[in-house]
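Subject: Structure handed over, with notes

Dear colleague,

Please find below the structure I said I would pass on. My notes on it follow, with the cut-offs stated where each term comes up.

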Amino acid sequence: FANYCMMHEEIYSLQRKFKNTFEKNLDNLDKDFLRRLQADQFRCSLNCSENKSLSKEQFQGCLERCSKPLVETQSFMENEINAFQNRLQSCMMECGEKQKDMNVDDTVREREMISCAHKCVDKGIEEYLPPLMTRIR
């Protein structure tokens with residue numbers, strides 16, 4: 001039971017580490033990039049609204065053009081983040097598969113699983129996350 005608790009705490013700690021790092025990067029992305037896009041969209045929409053010469057259809061088209069960069073960026077971000085999460089999940093699944101094939105006792109298997117999970121999270125944070133943030137910007 002003690003080993004199970006220790007393993008569970010280790011996994012929880014890894015999840016926290018990953019979540020905190022990922023959220024910090026997303027927060028920076030929001031402040032440095034997305035808010036600027038949102039501000040541009042609002043200014044553009046205001047210009048559309050103040051242009052009384054536009055027909056209803058032209059006005060709607062104007063608003064859609066204003067929102068396009070932000071909508072496209074958010075869609076791109078969602079796809080990139082999903083791909084990143086899939087990579088990390090795939091790495092974790094490989095850890096699980098490797099442990100199944102080991103012919104050792106449960107304690108050794110659990111330690112190896114935790115070690116492998118640490119490598120996945122560290123690789124995700126150090127190797128995958130920086131290029132992800134660069135691609136999104």
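**Gln99 and its surroundings**

Leaving aside neighbours within four places in sequence, Gln99 is in contact (heavy atoms within 4.5 Å) with Arg109, Glu112, Met113 and Cys116. This is a predicted model, in which local features need pLDDT of at least 70 and side-chain atom pairs count only at pLDDT 80 or more, while totals for chains, interfaces and linings use all residues. Residues are numbered from 1 along each chain as its sequence is written, and side-chain values use heavy atoms, with hydrogens and water left out.

Gln99 lies in helix H2, where helices (H or I, at least four residues) and strands (E, at least two) are DSSP runs numbered from the N terminus. With a relative accessible area of 6%, Gln99 is buried; buried means under 20% relative accessible area, exposed over 50%, and partly exposed in between, using a 1.4 Å probe and protein chains only. Gln89 also lies in helix H2, but Gln89 counts as partly exposed because its relative accessibility is 48%. Between Gln89 and Ala117 there are 28 residues in sequence and 9.9 Å in space, C-alpha to C-alpha.

**How H2 and H3 pack**

Helix H2 (residues 56-101) packs against helix H3 (residues 106-136) at an angle of about 160°, with the axes 9 Å apart; axes are lines fitted to C-alpha atoms, for helices over the stretch in contact, and angles run from 0 to 180 degrees between N-to-C directions. H2 is therefore roughly antiparallel to H3, a term for angles over 145 degrees, with those under 35 roughly parallel, 65 to 115 roughly perpendicular and the rest oblique. The residues of this contact divide into 17 nonpolar, three polar and five charged, where Ala, Val, Leu, Ile, Met, Phe, Trp, Tyr, Cys and Pro count as nonpolar, Asp, Glu, Lys and Arg as charged, and the others, Gly among them, as polar.

**The chain as a whole**

The secondary structure of the chain comes to three helices and zero strands, and from the N terminus on the elements run α-α-α. Along its principal axes, the C-alpha trace spans about 75 × 25 × 25 Å. Of the 137 residues of the chain, 27% count as buried. Among contacts in the chain with a separation of 6 or more, 74% come from residues 24 or more positions apart.
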